[in-house]
Amino acid sequence: MIVHALGILLCLPHILKPEERIDYVSLGAGNTDRAFDLETNQRIAEFKFIRWQGGPEAIRQNSLFKDFYVMAEYATKKQKFLFVLGAEHPMKFFNSGRALSSILSHSVKLQKQFSEKVDNQYRTVREYYLPRKHLVTIQDVSPFVPELLAVATDV
């Protein structure tokens with residue numbers, strides 16, 4: 001939780017535009033009553049301070065997919081951002097053939113929402129991601145917070 005809060009605070013000066021106003025920032029990772037980590041007058045955003053190992057990281061991938069899905073399907077005219085520590089592994093995952101049934105099987109709530117929204121028309125992460133990749137900007141923030149690379153473990 002401390003890494004998440006510190007990471008967001010360190011990123012804000014680098015990502016906010018001069019005319020951008022913060023509506024709220026949720027510094028607690030995970031279970032807060034806010035839909036996103038950050039909402040401004042121009043964007044919504046989630047932050048994932050994960051130190052990717054490059055192997056089978058199902059729990060981290062599940063969490064990343066959930067955040068992408070929620071933002072991609074969220075109705076707003078604001079820009080949508082998913083800020084990550086290093087984009088290589090997240091992009092490899094989003095372009096992968098991992099079965100959505102595997103990801104969704106770990107959350108009954110997410111599985112129900114996904115099924116109601118897209119009616120099980122996608123089988124893999126890539127099939128879902130490709131038509132929506134323009135909806136959410138995935139941005140690497142590691143240049144802004146290099147000191148977090150060594151300690152990041154958030155899912």
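Here is a short chat about the cores and salt bridges of a predicted model.

Colleague: Hi! Which residues have the most contacts inside the largest nonpolar core?
Modeller: Those are F65, F68, L82, F94, L100, F114 and Y128, in a core of 27 residues.

Colleague: And which elements each supply at least two residues of this core?
Modeller: They are α2 (58-73), β4 (79-84), α3 (88-94), α4 (100-104), α5 (108-118) and α6 (125-129). The largest share, 6 residues, comes from α2.

Colleague: Let's pick L82. What is L82 in contact with, leaving aside its neighbours within four places in sequence?
Modeller: Among its contacts are L64, F68, M71 and F94, and also V136, T137 and I138.

Colleague: What does a second, separate core include?
Modeller: That one has 15 residues, including I8, C11, L38 and A45.

Colleague: Changing topic: how many salt bridges does the structure hold?
Modeller: There are 9. R21, D23, E39 and K78 are linked in a network of them.

Colleague: Which residue forms a salt bridge with K78?
Modeller: D23 does, with the closest N and O atoms 3.3 Å apart. This pair links distant parts of the chain: K78 is in the loop between α2 and β4, while D23 is in strand β1 (residues 22-25), 55 residues apart. D23 also forms a salt bridge with R21, at 2.9 Å.

Colleague: Where do K112 and E116 lie?
Modeller: Both are in helix α5, 4 residues apart, which is about one turn of the helix.

Colleague: Does E116 count as buried or exposed?
Modeller: Exposed, because its relative accessibility is 58%. D23, at 37%, counts as partly exposed.

Terms used. Residues numbered from 1 in each chain as written. Predicted model: local features only at pLDDT ≥ 70, side-chain atom pairs only at ≥ 80, totals over all residues. Heavy atoms only, no water. Core = buried A, V, L, I, M, F, W, Y, C linked by side-chain atoms within 4.5 Å. Buried < 20%, exposed > 50% of the residue type's maximum accessible area, 1.4 Å probe, protein only. Contact = heavy atoms within 4.5 Å. Salt bridge = Lys/Arg side-chain N within 4 Å of Asp/Glu carboxyl O.
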